Amino acid sequence: MIFALARKLKKKGVLAINKRNADFVLKYNPRRLYPLVDDKLLTKRLAQENGIGVPELYAVVEVEGQVRHLPDALEGHPDFVVKPAHGSGGEGILVIAGRMHDKFRKSDGLIINYDELNHHIFNILSGLYSLGGQPDRAIIEYRVEFDPIFEAISYLGVPDVRIIVFLGVPVMSMVRLPTRMSDGKANLHQGALGAGIDIANGKTLSAVWGNEIVSEHPDTGRSVNGVAIPHWDDLLGLAARCYDLTGLGYQGVDIVLDRNKGPLILELNARPGLNIQIANNSGLLPRLELVEQHHADLTSIGRRIEFAKNHFAAA
Amino acid sequence: MNKLHLYILVVVLAITGLGLFFYKAFFLNFPLAPRTTVQVWNVEARVSFVAEGNPVKASMFIPGNTRRYAIVDEHFISSGYGLVATTEETNRRVTWSIRKAAGKQNLYYQAVVRPVRAPAPKGEAESPELEVPKFKGPGEEAVKSLVEDIKAKSADTPTTVAELIKRLNNPNPDDNVRILLGPKPSLFRKVDQAARILRYAGIPVRVVQGVRLQPEKYDFSKKTPLLHWLEVYHNKQWVSFDPLRGKSPVPSDWLRWWQGSQSLVQLEGASKLNVVLSISPKLEEGVTAAVQRGEISKPLLLKFSLFSLPVNTQAVYRVMLLVPVGAFILVILRNIVGIRTFGTFMPVLIALSFRETGLLSGIVLFSLLTGIGLGIRFYLERLKLLVVPRMAAVLIVVVGLMAIFSIVMNTLGIHRGLSVALFPMVIMTMTIERMSILWEERGSSEALIAGAGSLVTAALAFLVMNIKHVEHLVFVFPELLLVLLAAILLLGRYSGYRLLDLHRFKALAKEQT
């Protein structure tokens with residue numbers, strides 16, 4: 001029974017944690033490059049230097065005392081996002097959707113005051129959300145206004161597009177849609193919906209919620225299948241460029257589609273999750289192996305994207 | 001290349017570990033199972049006398065190693081006395097001396113006697129010098145005719161000795177014997193005279209004195225009688241003879257103490273000498289005995305073993321060496337099964353504390369402590385404290401809770417509660433902190449799943465670490481850790497599915513069919 005299941009998964013080429021870590025993350029992602037993606041501030045600067053769009057940085061808080069200057073820094077920004085520079089898995093992200101006088105309205109409608117905002121920042125600084133509990137910095141940045149295309153299939157938060165890029169080739173992709181259960185967050189393990197995207201044409205496929213395959217958004221009831229992601233070719237190009245940017249062979253690129261600014265890189269991930277396979281109803285392994293074989297020929301970004309579109313179209 | 005390197009390393013580690021293990025298990029006879037006990041004896045000699053303010057010198061023979069027995073753990077209890085131990089020819093002797101002593105004095109000698117199996121000596125090279133004793137008056141005639149009589153009825157030395165012993169032990173002795181032994185002879189008298197008669201007959205012989213190692217529990221306050229027997233030089237070997245039955249050799253439970261006709265203790269400067277020997281059997285753990293046996297033949301290997309450490313340090317290592325076993329279980333559960341836990345090694349530490357609390361009460365106590373701690377952590381959250389002070393506050397609460405548990409349970413007469421203090425409190429604090437964050441960030445179910453995962457892992461690790469055989473094996477054969485290391489290195493390259501991956505990706509498998 002167990003072995004039959006394992007055989008079926010193997011036949012489908014499902015990549016699991018041990019193999020991802022041993023054969024891809026450890027092999028293609030040199031440890032020294034991790035800071036580039038683990039520190040979101042560094043990622044942001046790197047992207048900016050290379051002309052890749054990222055959400056605008058409003059302020060950085062490095063020590064507790066700096067929160068005194070926050071009111072000035074936030075002047076003229078009614079909405080913003082607070083996140084830890086070294087956060088992982090969407091932990092510690094606070095989204096402020098609006099403000100009245102000296103109070104802030106969170107994306108879920110709850111009102112907090114400056115003290116509570118500062119407390120959250122202090123938590124971030126002391127390393128509560130960072131990997132390994134290291135002291136951290138808090139980033140305050142532009143809050144993305146997502147593209148209207150997602151309004152019908154998203155609840156509260158900002159949907160983002162995750163593209164797995166292997167050796168510069170986008171191999172698999174999905175859009176992550178926040179739900180009521182995920183509290184507006186776009187992380188699958190927190191209850192967000194993940195819908196696979198056909199690499200060839202940018203249209204959504206089936207979706208996964210938890211470990212189950214679904215076809216409608218649980219909160220809005222709209223079909224999540226067949227939605228065309230706007231600017232798809234730009235997104236692929238952006239993702240492919242991230243390989244040259246960081247040098248990480250195996251990475252997950254998170255992109256948001258802003259209503260006004262177009263695609264923006266939100267963050268990069270050196271150990272992207274594996275549920276994307278469920279969202280695409282397809283295993284990663286055959287695609288990764290194909291890229292490994294043809295890696296030598298795929299020298300330009302154009303070629304890599306063409307290779308991806310030719311080989312990784314949904315059946 | 002990389003993989004080959006790993007495999008070579010694994011094989012080398014495994015072979016080294018297993019090789020040492022088999023060598024120790026089958027050549028040095030380290031016991032494979034716990035609780036193999038070995039019979040040893042506590043031997044005590046108490047020398048008491050009354051001193052009258054003069055210089056006192058007491059010297060006593062003490063036993064030495066023989067082919068059958070090893071003397072270990074010798075202690076001399078003699079406050080105020082100078083102590084000199086000497087070895088003279090075949091005897092060992094201790095001499096106590098003091099410038100001035102008054103009143104009743106007690107001197108003690110204590111030792112442990114362990115059975116050993118030393119190879120038989122290859123025969124004594126030098127032939128002993130024979131000193132022909134002189135008999136006076138009628139004895140001269142008696143011994144002459146007795147020796148002639150015996151020689152006529154025997155073929156060689158052993159039969160001569162046997163015949164003499166038979167004669168001496170005859171309940172109705174002939175005249176010659178009666179003259180030589182005197183009325184109502186003691187056993188010592190018989191043995192001593194037998195030695196003289198044999199020497200007169202030209203046979204090298206010596207008197208050996210010792211005690212019998214009783215197999216049954218013996219009252220320590222009672223006196224163990226001395227035994228005397230003969231050793232006869234025959235075919236370049238000393239052959240022992242039982243002086244009562246004339247048989248050779250003497251029973252194996254006779255412990256040789258000293259040789260010669262002298263008495264056990266010589267005392268100068270004091271009176272009312274009283275010597276009490278007592279022997280008591282006891283069971284000793286097989287490992288210690290094996291080590292002692294090993295010490296006699298292979299001192300080098302054991303100099304670098306855990307057994308060379310003091311006993312209380314050994315106890316620490318008994319526990320410490322179990323940690324790798326727990327870590328191994330943890331690796332299996334995390335990388336093969338896929339269970340999520342709080343902190344990498346937290347479950348192993350919790351499992352260690354289960355050893356003190358017991359499994360069931362350990363789980364109950366752990367859950368209670370975590371539950372209450374979580375409640376307090378959520379309360380502290382509302383005070384909006386900085387992280388480090390907040391964790392310190394939780395730590396204080398955890399310590400306080402442990403103390404309260406112990407006090408309450410002690411009052412109720414449940415002694416398990418006392419050992420709750422052994423939970424690693426810093427780890428508990430971190431667990432509570434991480435659990436509460438997980439609770440807030442990802443909901444109660446995620447937090448409870450990870451909490452339960454930690455507890456299940458800890459319980460399984462405990463169950464394995466608690467197997468007596470496992471504890472015994474890693475302590476007696478620490479080289480098995482190399483094998484464990486090899487296995488963990490191999491697991492480090494396991495890239496197959498975890499058991500819980502199968503559940504996670506089940507939807508993908510269904511679609512296929």
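Good morning. The structure is a predicted model, in which local features need pLDDT of at least 70 and side-chain atom pairs count only at pLDDT 80 or more, while totals for chains, interfaces and linings use all residues. Residues are numbered from 1 along each chain as its sequence is written, chains are lettered from A and ligands numbered from 1 in the order in which they are written, and side-chain values use heavy atoms, with hydrogens and water left out.

I begin with the interface. The size of an interface is often given as the accessible area lost when the parts come together. Here chain B and chain A bury about 3,300 Å² between them, and 60% of that lies on carbon and sulfur atoms. Buried area is the accessible area (1.4 Å probe) that two parts lose on being put together, summed over both. On the side of chain B, B:Tyr497, B:Arg504 and B:Leu508 supply 21% of the area buried against chain A, more than any other three residues.

Side chains of opposite charge can pair when their charged atoms come close. Between chain B and chain A the count is one salt bridge, a term for a side-chain nitrogen of Lys or Arg within 4 Å of a carboxyl oxygen of Asp or Glu. Its partners are B:Arg493 and A:Asp23, at 3.7 Å from N to O.

I turn now to the cavities. The structure holds four of 30 Å³ or more. A cavity is a set of points on a 1 Å grid over the protein atoms alone where a 1.4 Å probe fits but cannot get out, and lining residues have an atom within 4 Å of a point. A volume is the space filled by probe spheres set on the points, which are joined across faces, edges and corners.

The largest cavity has a volume of about 70 Å³. Its lining includes A:Lys40, A:Glu141 and A:Ile265, and α4 (40–49) and β13 (262–269) of chain A each give two or more residues to it. That lining has three nonpolar, one polar and five charged residues. The second largest cavity, at about 50 Å³, has six nonpolar, one polar and one charged residues in its lining; among them are B:Ile165, B:Lys190 and B:Pro243.

Finally, a search of the whole structure finds 25 salt bridges over all chains. One of them joins A:Glu292 and A:Lys27, at 4.0 Å from N to O. This pair links distant parts of the chain, with A:Glu292 in helix α9 (residues 285–294) and A:Lys27 in helix α2 (residues 17–28) of chain A, 265 residues apart. Thank you.

Notes
On a 1 Å grid over the protein atoms alone, a cavity is a set of points where a 1.4 Å probe fits but cannot get out, and a pocket is an open set with protein on both sides within 12 Å along at least five of seven lines; lining residues have an atom within 4 Å of a point. Helices (H or I, at least four residues) and strands (E, at least two) are DSSP runs, numbered from the N terminus. Ala, Val, Leu, Ile, Met, Phe, Trp, Tyr, Cys and Pro count as nonpolar, Asp, Glu, Lys and Arg as charged, and the others, Gly among them, as polar.
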